[in-house]
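These notes are meant to be read with the model open alongside. They take the overall chain, the sheet, the helix contacts and a few single residues in turn.

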Amino acid sequence: NKWEDKRVLDKIYNLFIKGLDNEIKNFEFSRLSNEKARNFYEMHIKNNHTKTLKENINLTVKYFKGRAKSADSLFYFGDTYSEVARETESYKEYQKKVYVNLEKKNEEQLVNLAIVKLKIENDFVSFIINKFILMMYDYDLISDDEYNLYIYGTLDKKKIKLTKFGLSGNLISRLESDGQMENITFDEYGNLQTNEEFEEFKKSIDDFYRFQINRIL
């Protein structure tokens with residue numbers, strides 16, 4: 001009776017992980033048994049939909065600095081870039097080095113780690129978490145709104161359609177903040193089209209921003 005009040009990641013935990021922690025062989029997925037990990041992914045998914053890469057790097061560095069000053073400065077990074085092993089309740093005598101001690105990193109190292117971490121987590125969300133969200137959606141265990149917010153980051157039908165066309169959430173957010181959404185429309189056949197005002201706008205922006213737009217529009 002409390003199912004509808006839970007966050008989607010908490011639903012994944014309750015449905016697929018709770019009570020099975022020791023039987024799950026995928027350590028990355030089993031980390032969702034930890035509330036801190038679920039909180040992190042809630043933040044990561046939301047920010048990835050709405051913010052630019054630069055903003056997400058800065059936010060991740062800020063988060064790292066907060067963790068570095070906390071009682072728990074060890075942060076999970078997977079086995080590619082990590083340096084420290086840590087025993088957990090689910091993994092007794094676990095010797096694999098999958099953590100980094102953020103307390104021992106300088107500013108430049110934290111920025112580099114932030115870039116790597118964003119790529120790792122984007123892959124984890126895309127290839128693991130989203131599959132479980134889709135599974136719950138297919139079985140009517142989550143609503144349309146929950147599905148759209150986690151997969152597309154919005155309930156706006158036009159933004160969802162633009163995302164399906166290949167525009168990233170942060171590119172859509174930037175176009176919206178620049179007042180360009182009304183200059184992008186769909187024709188009667190569902191094809192994207194822009195007006196003269198949008199073409200003039202493209203001439204005024206930096207090369208990378210224009211490159212992102214020209215790949216799709």
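This is a predicted model: local features need pLDDT of at least 70, side-chain atom pairs count only at pLDDT 80 or more; totals for chains, interfaces and linings use all residues.

1. Two strands are taken to pair if DSSP finds at least two bridges between them. With that in mind, Ala 85 stands opposite Lys 97 in E3, and the pairing to which strand E2 belongs consists of two bridges that join E2 to E3, the two strands running antiparallel.

2. On the chain as a whole, the model has 217 residues, of which 41% count as buried, and its secondary structure comprises ten helices and five strands. The C-alpha trace spans about 65 × 45 × 25 Å along its principal axes. Among the contacts with a separation of 6 or more, 51% are accounted for by residues 24 or more positions apart.

3. Three strands form an open sheet in the order E1-E3-E2, and their pairing is antiparallel. Strand E1 (74–76) and strand E2 (84–85) are at the edges and have a single partner strand each, so one side of each is left without a neighbour in the sheet. As a general point, the side chains of a regular strand alternate between the two faces of the sheet.

4. Turning to the helices, two packed helices are described by the angle between their axes and the distance between the axes. For helix H3 (residues 35–50) and helix H4 (residues 53–68), the axes come within 11 Å and cross at roughly 160°. Angles over 145 degrees count as roughly antiparallel, and H3 and H4 are therefore roughly antiparallel to each other. Their crossing is right-handed. On the H3 side the contact is made by Phe 40, Met 43, Asn 47 and Asn 48, and on the H4 side by Asn 56, Leu 59 and Tyr 63. By class, the residues of this contact divide into four nonpolar, three polar and no charged.

5. How do helix H1 and helix H5 lie, and at what angle do their axes cross? The axes of helix H1 (residues 8–17) and helix H5 (residues 107–138) come within 11 Å and cross at roughly 80°, and H1 and H5 are therefore roughly perpendicular to each other. In this contact Val 8, Leu 9, Lys 11, Ile 12, Leu 15 and Phe 16 of H1 meet Ile 129, Phe 132, Ile 133, Met 135 and Met 136 of H5. The contact of H1 with H5 has ten nonpolar residues, no polar ones and one charged residue.

6. Two residues of helix H3 deserve a separate look. Arg 38, which is found in helix H3, has a relative accessible area of 8% and is buried; residues up to four places away in sequence not being counted, Arg 38 touches Arg 7, Leu 9, Asp 10, Tyr 13, Leu 32 and Ser 33. Glu 42 is also found in helix H3, and is buried with a relative accessible area of 17%, the cut-off for buried being under 20%. Leaving aside neighbours within four places in sequence, Glu 42 is in contact with Arg 7, Val 8, Leu 9 and Tyr 150.

7. Is Phe 27 buried or exposed? Phe 27 lies in helix H2 (residues 27–30), and at 12% relative accessibility Phe 27 counts as buried. Phe 27 and Gly 78 are 51 residues apart in sequence, and their C-alpha atoms are 9.2 Å apart in space.

8. Finally, Gly 166 lies in the loop between helix H7 (157–165) and helix H8 (169–177), where Gly 166 is partly exposed, with a relative accessible area of 44%. Gly 166 and Tyr 41 are 125 residues apart in sequence and, C-alpha to C-alpha, 23 Å apart in space.

Notes. Residues are numbered from 1 along each chain as its sequence is written. Side-chain values use heavy atoms; hydrogens and water are left out. Helices (H or I, at least four residues) and strands (E, at least two) are DSSP runs, numbered from the N terminus. Axes are lines fitted to C-alpha atoms, for helices over the stretch in contact, and angles run from 0 to 180 degrees between N-to-C directions. Angles under 35 degrees count as roughly parallel, over 145 as roughly antiparallel, 65 to 115 as roughly perpendicular and the rest as oblique. A crossing is left-handed if the near helix is turned anticlockwise from the far one by less than a right angle, and right-handed if clockwise. Contact means heavy atoms within 4.5 Å. Ala, Val, Leu, Ile, Met, Phe, Trp, Tyr, Cys and Pro count as nonpolar, Asp, Glu, Lys and Arg as charged, and the others, Gly among them, as polar. Buried means under 20% relative accessible area, exposed over 50%, partly exposed in between (1.4 Å probe, protein chains only).
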